[in-house]
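Please walk through this structure from its sheet to its ligand, and then to its charged pairs.

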Amino acid sequence: MSTSMVTLNAQTLQREMDWLQKVINIRIQLRFPTTRSEEDALVEYQDVTQVPMPSVQQDPSVLGRIIKALDFTFEERVILALSLAPHVRPQVLDAFFLKDKIHERYYTEFGGLKGRFHSGFLPTAETAAFVIAGEDIEKRVRLIELFKPEHPFYKNNILKLNLNQGNEPLFSSGLHISDEYLTMFTSGSSYKPDFSMSFPAKRLATRLDWSDLVLDPYVLSEISEISAWIEHQKTIMDEWGLSKQLKRGYRSLFYGPPGTGKTLTACLIGKQMGLDVYRIDLSQVVSKYIGETEKNMAKIFDLAENKNWVLFFDEADALFGKRTSASDSKDRHANQEVAYLLQRVEDFSGVIILATNLKANMDIAFSRRFQTIIYFPAPNSSQRLQLWENSFRGLEVDEDVDFPYIADRHNLTGGSIINVLRFCSLAALRRGSKSVNSADIEEGIKREMQKAGKTV
Ligand SMILES: Nc1ncnc2c1ncn2[C@@H]1O[C@H](COP(=O)(O)OP(=O)(O)OP(=O)(O)O)[C@@H](O)[C@H]1O
Ligand SMILES: [Mg+2]
């Protein structure tokens, strides 16, 4: 029987933690020579780099393969191991609870944070600097490179610094491994986030195709610009060298009445280009997660960035609406979060689609940020006929049903027609019939009109 991925991963993590333990011990002994006992076998070490790193040449675990593929150095491995330690062997870091007897406090050079629930030591960049550089300022300064956006840690969303607010030193920021890599390094499975409090996004998919989408040709041509960008951005940015002039990424705003195909179009773009589409309901994010919004949104953007996801922000008016003059501190806070979101939207290198039913209260500063603004109109009568016929294609329909007449007479959107379809199939089923009749359809339409506050 082959060894499971979890076992392989655990073995590598064991070795890596053993190694980290040794490195930490030696650093502490180098810093406090008196802690070294006479017979201590570790005296031979002049520097932490002398502790041999566990070999990953033949290592099939996820961590092993990543270390090998990205060719991580001693410094990078220490940082990665430190960020993993609280999750896999927290006691490795207990050595940093050593107290300075003279000042009756912890040693500043150990850095570290205290968790809200975790009772152990949470490493910061300071901790890494201490372990790697000791008191060598040059080495310490060079570590900053490892936290820059160009570094594979950041680029691949492996780990990053949890930046502190305000003017505190950079190195007081926590070393934070992403949920994505933590999952891969431990259970070995790839990370498919689900909607949760900390991940307010849901993957969208559709079984429909472009041929099912009923829209005016000019709307379709505007939509095709998005796919064209996805397909050709590399050529335009890299080969034509326009990456200096043009912002990376593509932002589009979809607006129009409910049920006109905005969400469907976003799904189809993803399906066509082979990209995952994640929907984020902004009205939920902006209202419910006040205070948590930035963290949650950062998570989504970070994941989306290196996954090539299309981000679909629904109910985007929650965003425009909040840019009001701040009257109290709660409003000011919301404004701050909106500003943060806008910044991330603007900096994102993939495709972002925002959808809203209202465009009226969107300010001009905001509309400048979009490459395309696409209006999804309610369908006209010939489009409605197409929608009726497409939607009821798979169903038996009585001869008395006159779709041209229905399409002409009732001003319904594609979304409402789908609701009528659902209503009719249930009605037929209840009757013990396989066929929909015109009374079912009329009743279904009546309900849709009532929902919209209109009469037939
Ligand atoms: N233009 C269209 N062509 C084909 N089908 C459509 C169209 N518009 C809507 N539909 C059907 O209605 C369903 C719901 O539409 P969709 O969710 O895309 O509307 P929406 O514009 O996103 O609405 P909302 O503003 O309420 O979010 C679609 O899955 C599809 O079956
Ligand atoms: Mg929608």
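The account below starts with the sheet, turns to the ligand and ends with salt bridges.

This is a predicted model, in which local features need pLDDT of at least 70, side-chain atom pairs count only at pLDDT 80 or more, and totals for chains, interfaces and linings use all residues. Residues are numbered from 1 along each chain as its sequence is written, chains are lettered from A and ligands numbered from 1 in the order in which they are written, and side-chain values use heavy atoms, with hydrogens and water left out.

Begin with the sheet. It is open and mixed, with 6 strands in the order β7-β9-β10-β11-β8-β12. Helices (H or I, at least four residues) and strands (E, at least two) are DSSP runs, numbered from the N terminus. Two strands pair if DSSP finds at least two bridges between them. β7 (201-204) and β12 (372-375) each have a single partner strand, so one side of each edge strand lacks a neighbour in the sheet. On average, neighbouring strands are turned by 25° against each other, direction ignored.

Look next at β8 (residues 250-255) and β11 (residues 351-356). They run parallel and are joined by 6 bridges. Tyr255 has Thr356 of β11 as its bridge partner.

Two helices pack on this sheet. Helix α8 (residues 217-239) touches β8, β11 and β12, and its direction makes about 145° with that of β12. Helix α9 (residues 262-273) touches β7, β8, β9 (277-281), β10 (310-314) and β11; its direction makes about 150° with that of β8. Contact means heavy atoms within 4.5 Å. Axes are lines fitted to C-alpha atoms, for helices over the stretch in contact, and angles run from 0 to 180 degrees between N-to-C directions.

Now the ligand. Around ligand 1 are 17 residues (a heavy atom within 4 Å). Val214, Gly259, Lys262, Thr263 and Leu264 come nearest. A polar backbone atom of Val214 is 2.8 Å from a nitrogen atom of ligand 1. A backbone N or O atom of Gly259 lies 2.7 Å from a ligand 1 oxygen atom.

Last, Glu16 and Arg77 form a side-chain salt bridge at 3.0 Å, N to O. The rule is a side-chain nitrogen of Lys or Arg within 4 Å of a carboxyl oxygen of Asp or Glu.

Conventions:
Polar contact = N/O pair within 3.5 Å; in protein donor to acceptor, adjacent residues only side chain to side chain.
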